[in-house]
Amino acid sequence: MGFFLDAWTWLTTGANWTGGEGVTHRLTEHLYLTVVCLAIACAVALPVALWLGHVGRGGALAVNISNAGRAVPTFAVLVLLTLSPLGKHGDLPTIIALVLFALPPLLTNSYVGMREADRDVVEAARGMGMSGWQLLARVEVPLAFPLIMTGVRSAAVQVVATATLAALPGGGGLGRIITAGFGTYDTPQVVAGAALVAALALLVEGVLVVAERLMDPMRRRRRSRRQQSRSTPKGFDEKVIPAQTTA
Amino acid sequence: MSGVSGVSVSSGADGAVVLAGAAGKAGGDCLSANDWICAEYVRSRSQELTDATVEHVGITVVSVLLALLIAFPLALAARRWQRAYGPVLGLTTVLYTVPSLAMYALLLPLFGVGAAVVVTGLVLYSLTVLVRNILAGLESVPEEAREAARGMGYGPFKLLSGVELPLALPALMAGVRIATVSAVALTTVGAIVGFGGLGNLIYDGMDSFFRAQVLTASVICVLLAVLADVLLLGLQRLLTPWVRSGRRARRRRGRAAGRTEPSDGVGAAGGGGGASSAGGTGGVPVTAGKGA
């Protein structure tokens with residue numbers, strides 16, 4: 001346990017928070033990389049996935065891409081990009097790797113969410129004369145919202161983790177505190193850096209869970225349905241319930 | 001048949017001759033030129049590559065097997081005691097959120113520098129997927145099947161081993177595949193403590209700017225993941241023959257009735273956890289990969 005006390009001492013020492021190698025600077029780098037890359041990935045993946053889900057095509061691609069994303073080691077891609085000619089352009093290899101690894105969860109979850117939107121509701125909306133755009137914006141996306149947000153959340157967690165690894169080939173971010181600690185055999189610093197990274201990842205996840213609850217366009221309806229289904233006996237077909245509540 | 005195999009053999013030999021010729025002409029220059037692809041590197045360092053691959057596979061297999069051993073009691077406990085359900089799922093999700101580099105670094109003071117750090121980290125990651133998928137599989141067992149087994153006099157243990165586990169097997173195997181493929185990729189990060197299998201080669205190659213070493217190790221790593229996925233898929237097919245014959249029969253019935261099966265291709269992913277179980281906080285979509 002001594003190491004963890006030493007790590008705490010490291011964290012509470014003011015000198016470790018200031019300067020170019022300090023926690024504040026590294027944390028800023030990490031957050032900057034995370035936000036920028038998550039934004040780029042969302043801007044690329046969400047329109048594609050929502051459109052594919054809307055027209056119902058490319059399902060095999062959308063699902064398999066997340067399997068492929070899991071099989072490719074982040075560390076290897078980071079090193080390969082750093083050794084390539086791109087490596088001369090500062091943060092560019094890191095940003096490319098971060099965006100690449102954020103895409104699969106976004107694509108897969110959004111696509112699956114769109115396809116799993118209740119077909120009866122979608123058909124009813126079409127029967128009411130909604131156009132394709134109205135259907136997408138008012139019916140399918142609100143219904144798919146929880147899974148879209150799950151995708152955003154796992155992409156964010158993935159980006160935080162990959163940004164940490166970017167420190168190994170010499171990128172910025174909190175991972176540098178860990179690698180610097182390894183370089184000088186300073187275990188308290190390694191543990192302190194790791195604790196910071198873990199805390200940041202959990203914080204990002206937590207913030208996005210709260211954001212999902214607040215932004216969910218159907219949160220009232222979902223909650224009331226959940227209460228209702230809890231009161232229904234086990235084995236009762238839940239799909240019947242919406243038909244009763246639409247009155 | 002024999003003609004076809006003969007052709008492929010001779011073309012393979014040609015390829016080897018061409019590669020050897022190129023290496024001979026360049027005199028192993030691809031090493032000094034620091035090319036990305038270098039046959040001379042693969043030839044001269046084959047022992048190093050083999051050792052790294054063996055270490056990589058060893059770490060992955062041990063981790064996934066240990067995780068399975070731990071995940072089973074956890075999942076059963078979470079199902080048996082409602083109060084354990086939330087904490088078990090929550091804890092494994094929290095563990096999954098911790099980035100790999102931080103995970104290994106946090107485990108370092110507990111185990112010291114060694115393979116145990118990497119194996120423990122991988123076990124903790126695999127637990128999330130496995131516990132979740134085992135639970136999803138057990139929950140997908142139809143209540144009628146359970147009732148029928150109880151009516152036939154099955155006790156709790158026989159019910160679990162004879163009815164519930166076989167029916168939960170597709171979801172379980174989907175989890176094992178995801179956990180294994182992730183573990184193969186995450187093992188590389190173990191290079192930070194010197195036990196990363198092929199990751200060690202990538203790490204060294206990064207420091208010495210050795211392109212051929214980095215690319216070769218990375219490619220082998222991806223091939224290992226794909227191979228593991230295919231082997232596990234084959235194992236799943238062997239263990240659950242009724243899934244395929246059932247699907248075929250259903251399709252035939254559907255065609256006979258003159259209607260088409262819903263062709264969403266995602267929701268019905270081999271009886272996997274389905275996307276609904278991804279609605280938790282883990283963020284791992286437990287869609288059974290149909291790839292490969």
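Let's start at A102(A). Setting aside neighbours within four places in sequence, A102(A) is in contact with C37(A), L38(A), A41(A), A155(A), Q158(A) and V159(A). Keep in mind that this is a predicted model, so everything I show is computed from predicted coordinates.

Where does A102(A) stand in the largest nonpolar core? It's among the residues with the most contacts inside that core, along with Y104(B) and I202(B). The core has 139 residues, and helix 7 of chain A gives the most to it, with 16 residues. As a bit of background, nonpolar side chains tend to be buried together in soluble globular proteins.

Okay, on to the interface. On the chain A side we have 49 residues, in contact with 46 residues of chain B. Which helices of chain A each supply at least two residues to that side? Helix 3 (59–71), helix 4 (74–83), helix 5 (92–116), helix 7 (132–165), helix 8 (175–183) and helix 9 (187–215). Helix 9 of chain A has the largest share, 12 residues. By type, the side of chain A that touches chain B splits into 31 nonpolar, 13 polar and five charged.

So let's zoom in on helix 9 of chain A. Its axis and that of helix 6 of chain B, residues 100–111, come within 8 Å and cross at roughly 140°. Why do I call that oblique? Angles have to be over 145 degrees to count as roughly antiparallel, so at roughly 140° helix 9 of chain A is oblique to helix 6 of chain B. The crossing of these two helices is left-handed.

Who meets whom there? From helix 9 of chain A you've got T187(A), V190(A), V191(A), G193(A), A194(A), A195(A), V197(A) and A198(A). Facing them from helix 6 of chain B are A102(B), A105(B), L106(B), L108(B) and P109(B). That contact divides into 11 nonpolar residues, two polar and no charged.

Now step back along chain A to helix 8. Is helix 8 of chain A largely enclosed or largely open? Seven of its nine residues are buried, so helix 8 of chain A is largely enclosed by the rest of the structure.

Y185(A), in the loop between helix 8 and helix 9 of chain A, has a positive phi of about 55° although it is not a glycine. For context, most residues other than glycine have a negative phi. Y185(A) counts as exposed, because it has 8 C-beta neighbours inside 10 Å.

F209(B) isn't a glycine either, and has a positive phi of about 60°. You'll find F209(B) in the loop between helix 10 (198–207) and helix 11 (211–239) of chain B. With 12 other C-beta atoms within 10 Å, F209(B) is exposed.

Technical notes:
Residues are numbered from 1 along each chain as its sequence is written. Chains are lettered from A and ligands numbered from 1 in the order in which they are written. This is a predicted model: local features need pLDDT of at least 70, side-chain atom pairs count only at pLDDT 80 or more; totals for chains, interfaces and linings use all residues. Two residues are in contact if their C-beta atoms, placed from the backbone, lie within 7 Å. Helices (H or I, at least four residues) and strands (E, at least two) are DSSP runs, numbered from the N terminus. Ala, Val, Leu, Ile, Met, Phe, Trp, Tyr, Cys and Pro count as nonpolar, Asp, Glu, Lys and Arg as charged, and the others, Gly among them, as polar. Axes are lines fitted to C-alpha atoms, for helices over the stretch in contact, and angles run from 0 to 180 degrees between N-to-C directions. Angles under 35 degrees count as roughly parallel, over 145 as roughly antiparallel, 65 to 115 as roughly perpendicular and the rest as oblique. A crossing is left-handed if the near helix is turned anticlockwise from the far one by less than a right angle, and right-handed if clockwise. A nonpolar core is a set of buried Ala, Val, Leu, Ile, Met, Phe, Trp, Tyr and Cys residues joined through C-beta atoms within 7 Å. A residue is buried if 20 or more other C-beta atoms lie within 10 Å of its own, exposed if 12 or fewer, and partly exposed in between; C-beta atoms are placed from the backbone.
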